[in-house]
Amino acid sequence: MAKNKKETVDKKNDKQEGNKRSLKISKQQKFVLGCLLVLFSIALLVAFISFYVNGQWQNDQSVVNQLGDRTEVAENWLGKFGAYLADLIIYRGFGLASFIFVRLFFLTGMFLALELSTQKLKNTWFWDIFAIIIVSVLFGFFATSAPELGGTIGYELNLFLQDYIGKTGTLLTLLFGLIIYLIFKIKLSPEKIQSYFDSTKKEFKSELDTLKPAVNQPESAYNLEEFAIKEEVESDPEIDDIHIKTVDTQFELNKEALKPTISHSSEIELNPVLKPITPKQELPLVSADEAFVIEKAEEEDIIEENLASRLVADFGLFDPTLDLSNYKFPTIDLLKEYSTGGITINQEELEENKNRIVDTLRNYKIEIAQIKATVGPSVTLYEIVPEAGIRISKIKSLEDDIALSLSALGIRIIAPIPGKGTIGIEVPNKNPTMVSMKSVIGAAKFQEAEMELPIALGKTISNETFVVDLAKMPHLLMAGATGQGKSVGLNAVLTSLLYKKHPAEVKFVLVDPKKVELTLFNKIERHYLAKLPDTEDAIITDNAKVVNTLNSLCTEMDNRYSLLKDAMVRNIKEYNDKFKSRKLNPEAGHRFLPYIVLVVDEFADLIMTAGKEVEVPIARLAQLARAIGIHLIIATQRPSVNVITGLIKANFPARIAFRVTSKIDSRTILDTQGADQLIGRGDLLYTNGNDVIRVQCAFIDTPEVEKITDFIGGQKAYATAYLLPEFVGEESGINLDIDISERDTLFREAAEIIVNAQQGSASLLQRKLKLGYNRAGRLIDQLEAAGIVGPFEGSKARSVNILDLNALDQFFNNEQN
C-alpha cells in the first residue's frame with residue numbers, strides 16, 4: 001500500500017516537473033516576445049494619440065460597429081485595428097489613463113528582451129494598474145460630460161461609489177488612494193515636503209537680500225561704507241597698520257566680517273606655541289628647471305624583529321606547530337646589511353640625463369611639457385609628458401637614439417605607463433645601490449603581509465619592497481642568461497618562506513641538476529624538505545630520480561583531492577581550517593596538509609635528458625595542483641620554445657625574466673620585449689599576466705644562507721623529512737621470476753641482437769625482428785628478468801650486461817645446466 005502511495009506521489013511530482021519544464025521559456029523566445037510587446041506598445045501609442053486628434057473617436061464609431069464592412073474607411077492612423085483598440089481600451093475602458101498601458105507594455109518588453117529581474121516589473125505592474133484605476137475614476141468624477149476622458153469603466157465606477165458613499169465620500173476615497181500612491185510609490189514623506197518648503201523659503205529670502213542693495217543703493221554706497229569702516233578702525237591708536245583695500249565687485253559684502261574682532265591690543269596673545277618638527281625627506285628635490293621634478297621615495301620602516309615568531313595559539317583549535325612547539329624562526333640579524341645609507345642621488349647625473357633626453361627628442365621636433373625623475377636603487381625612471389599632438393609611437397621608435405645619447409646600457413621605454421598619462425624612460429644609474437635581503441625581509445610590507453606564501457623579491461623603481469603571494473600566482477617561471485641572478489632569486493624566494501612559515505606549514509621539493517646551488521638546504525632536511533621513501537638525499541641531483549619524484553607529487557595531488565572531496569571543500573585553505581576546527585576525523589585518513597613548493601633550478605637540462613617524461617607530470621601539476629597547495633617554481637637558462645613549451649607557458653601566468661641575450665628569448669618568457677634591455681646583476685621584470693614591473697632583486701650571499709640553515713638545522717626537528725607517496729613506474733613493476741618455459745620463441749634471437757648492438761630497447765627489436773610493440777616489450781621484460789639487460793632508465797636505452805656473443809652462449813649453457 002505504501003509502495004503504491006509512493007508511486008502515485010512520484011508520478012504527481014514528475015507531472016509537475018514536466019509542466020514546469022513546458023512553461024520554461026528560452027532566451028530566444030523571451031527576446032522575440034519582448035520585441036513584440038515593445039512594438040505593440042508603440043502601436044498603442046499611435047492609436048491612442050490619433051483617437052484624440054480631430055475628434056476621430058466620434059468619426060470612427062461606425063467603423064468600430066461594422067468591422068466586417070470593408071467599404072468603411074477609418075480615420076485612425078492605425079486603421080480599423082487601431083480604431084477598434086482605441087475604442088476598446090479608451091472609450092469603453094479607462095479613458096486618458098489608458099496611456100499608462102503604453103508604458104507598461106514597453107517596460108515589460110524591454111525587461112523580457114534584456115533578461116532583467118522580474119521582481120521590479122511585478123511592482124511596476126501593481127502600482128501602474130492602481131494608478132490607472134484612480135486616474136480613470138478621477139476623470140469620471142470631474143468630467144462627466146466628456147466620457148472619452150474617464151472611459152466607461154471610470155464613469156461607471158464613479159457612479160457606483162456615489163450611489164453608496166455620495167460625492168463627498170467618493171472624493172475623499174480618491175484622495176486617499178492618491179495619498180497611498182504618493183507615499184508608497186513616489187516615496188513622498190512629510191519630512192521631504194517640509195525640507196522642500198524650507199529650502200525654497202531660504203532661496204527666495206536670499207534672492208530678495210541680494211536684490212535689495214542693487215535697487216535701493218547707488219554704487220558709491222559701497223565706497224562710503226568702506227571709508228566709514230576704515231575710519232572706525234583707525235580711531236584706535238593702539239592698532240596700527242591696518243589697511244582694508246577693496247575693489248568693486250558684483251558679490252555682496254559681508255559687513256559683519258569686516259568689523260574688527262579685537263577691541264584692545266591687550267587681547268592679543270604673543271606666546272607662540274611651538275609644534276614638534278618631524279624630519280622628512282626632501283620630496284621633491286629642488287631643480288634649476290621648474291619643469292623638471294626629482295622624486296626620491298621615502299625609506300621604508302625597517303622592523304628588526306621577525307614578526308612571524310609571534311605565533312599565538314588559539315585554544316580549542318588544532319595547532320599543527322605543536323610537534324615543534326619550541327621552534328624559533330630565524331632572526332633578521334643573520335642577514336648582512338650591504339648598504340649603510342639609502343639611495344644616493346647624484347643630482348648632476350640626473351640633470352645631465354634629463355638634458356640629453358630633452359635635446360634628443362627636440363632634434364626630432366618632439367617638445368616636452370614636463371619631465372619627472374623617480375630614483376630607484378639601480379634604475380631611474382624619467383616620466384615625460386609630451387606636448388599635445390605628439391604621437392607615442394614616434395617617441396617609442398627613438399629608443400636606440402636615446403640610448404646612444406645617454407651612452408647607457410639597458411634603456412627601456414614604457415609608452416604609456418599603465419595608469420598614468422605619461423611616457424616612461426628607464427635609465428640605469430651609474431652607481432647602483434645594492435638591495436640587501438635584510439632590508440627587504442625587515443620591511444614592514446613583508447613582515448605585516450597577510451599572505452599564504454609571501455615572497456619578497458626586491459625593490460621596485462620607486463624603492464618600495466615588492467612582495468607577492470606564491471599561492472595566488474600560483475606557479476612561477478624564471479628565466480635568464482647565465483650569471484644574471486636566477487640562483488640568487490631562488491635563494492631569495494626560499495629565504496622569504498623560511499622567515500614567514502613554520503616547518504609544519506610548508507615543505508620544499510628541491511631539484512638541483514647543478515648539484516651545488518641548493519646543497520646548503522640539506523641542513524634543514526628534517527624541518528622543511530620533502531623526499532621519496534628510501535632515498536638518501538632530499539635534494540634531487542640525479543635527473544633519473546626527478547621523473548619518479550614528479551610522478552610521486554602527482555600521486556600526492558590525487559590523494560589530496562580525494563581528501564578535499566571527502567571533506568566537501570574546494571581548496572587547501574578551507575580544508576586546513578576545517579581540520580583545525582576539529583571537523584575532520586583523522587581516523588578517516590584526514591590530516592593537516594602543508595603547502596609543497598617544487599623548485600627546479602635548471603629545467604632545460606631535465607627536458608634534454610628526460611623530455612616528455614618530465615613535461616607531462618609538470619603540466620599536470622601546473623594545471624591541477626594549485627587548489628591543493630602544490631606550487632611550482634621553475635628556473636631555466638635557455639627560455640627557448642622547445643624548453644618552455646606552450647603547454648607549460650599556459651599554466652605559468654607569473655613569470656620573472658632576468659637579462660636575456662635576444663628579443664626572441666624575451667618574447668618567449670614574457671610575451672613582450674624588454675628583458676633583453678635589462679642591466680643584469682639581479683635586474684628583473686615580473687609579470688602576472690597584467691603589467692610588467694621592473695624590480696631589483698634582493699641579494700643574498702652564500703654565507704647568509706649558511707647562517708640561516710645552521711640556525712634552523714641546530715633546532716629540534718621531525719624524525720624524518722616529509723615523505724611523499726611511493727611511486728612504482730610502469731616498467732619497474734615487472735615480475736622478474738618469469739619461467740624459462742614461458743619465454744618467447746624469439747628470445748635467443750632477440751638476446752643476440754641486443755648483445756650485438758649493446759643497446760637494449762624495444763624499438764630495436766621491432767625493427768630487426770619485424771615485431772609489434774607489445775611482443776617487443778614482452779621480450780625486453782624477459783631479457784631484464786634473465787639479467788641480460790638492465791632496468792628501465794627513462795628515455796635512455798637500457799644497459800646491456802653481457803659484452804659479446806661468446807659470453808651470451810656461455811650464459812645460455814649455464815642456464816641449461
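Start by selecting Tyr-773: with a relative accessibility of 53%, Tyr-773 counts as exposed (buried means under 20% relative accessible area, exposed over 50%, partly exposed in between, with a 1.4 Å probe and protein chains only). Tyr-773 is found in helix H28; helices here are DSSP runs of H or I with at least four residues, strands are E runs of at least two, and both are numbered from the N terminus. Show its surroundings, leaving aside neighbours within four places in sequence, and you will see contacts with Ala-762 and Gln-766, where contact means heavy atoms within 4.5 Å. Now draw a distance from the C-alpha of Tyr-773 to that of Ser-763: the two are 10 residues apart along the chain and separated by 7.5 Å.

Before you go further, a word on what is on screen. This is a predicted model, in which local features need pLDDT of at least 70 and side-chain atom pairs count only at pLDDT 80 or more, while totals for chains, interfaces and linings use all residues. Residues are numbered from 1 along each chain as its sequence is written, and side-chain values use heavy atoms, with hydrogens and water left out.

**Along helix H28**

Stay in H28, which covers residues 773-786, and select Gln-782. Is Gln-782 buried or exposed? Its relative accessible area is 10%, so Gln-782 is buried.

Next, colour H26 and H28 together. Their axes are 10 Å apart and the packing angle is about 80° (axes are lines fitted to C-alpha atoms, for helices over the stretch in contact, and angles run from 0 to 180 degrees between N-to-C directions). That makes H26 roughly perpendicular to H28; angles of 65 to 115 degrees get that label, under 35 is roughly parallel, over 145 roughly antiparallel, and the rest oblique. Phe-747, Ala-750, Ala-751 and Ile-754 of H26 meet Leu-779, Ile-780, Gln-782, Leu-783 and Ala-786 of H28. By class, this contact has eight nonpolar, one polar and no charged residues, with Ala, Val, Leu, Ile, Met, Phe, Trp, Tyr, Cys and Pro counted as nonpolar, Asp, Glu, Lys and Arg as charged, and the others, Gly among them, as polar.

Then select Gln-758, in the loop between helix H26 (747-757) and helix H27 (762-769). Although it is not a glycine, Gln-758 has a positive phi of about 55°. At 36% relative accessibility, Gln-758 counts as partly exposed.

**Over to helix H19**

Select residues 543-567 for H19 and 603-610 for H21: these helices pack at about 95°, with axes 10 Å apart. H19 is therefore roughly perpendicular to H21. On the H19 side you will find Asn-543, Val-546 and Val-547, which meet Asp-605, Leu-606, Thr-609 and Ala-610 in H21. The residues of this contact divide into four nonpolar, two polar and one charged.

Further on in the tour of H19, pick Ser-552. Ser-552 counts as buried, at 0% relative accessibility. Not counting residues up to four places away in sequence, Ser-552 touches Leu-532, Leu-724, Pro-725 and Phe-727.

**Two loops for the backbone view**

Which peptide bond joins Met-473 and Pro-474? A cis one, with omega about 0°. Pro-474 sits in the loop between strand S7 (465-469) and strand S8 (476-479).

Now move to Lys-515, in the loop between strand S9 (506-511) and helix H18 (525-528). Lys-515 has a phi near 70°, a positive value in a residue other than glycine.

**Last stop: colour by confidence**

Zoom out and colour by pLDDT, the predictor's confidence in each residue, from 0 to 100. The protein averages 79, and 77% of the residues score at least 70. Select residues 213-283, where pLDDT stays under 50, and then residues 731-737, where pLDDT also stays under 50. Where pLDDT is low, the predicted coordinates should not be read in detail.
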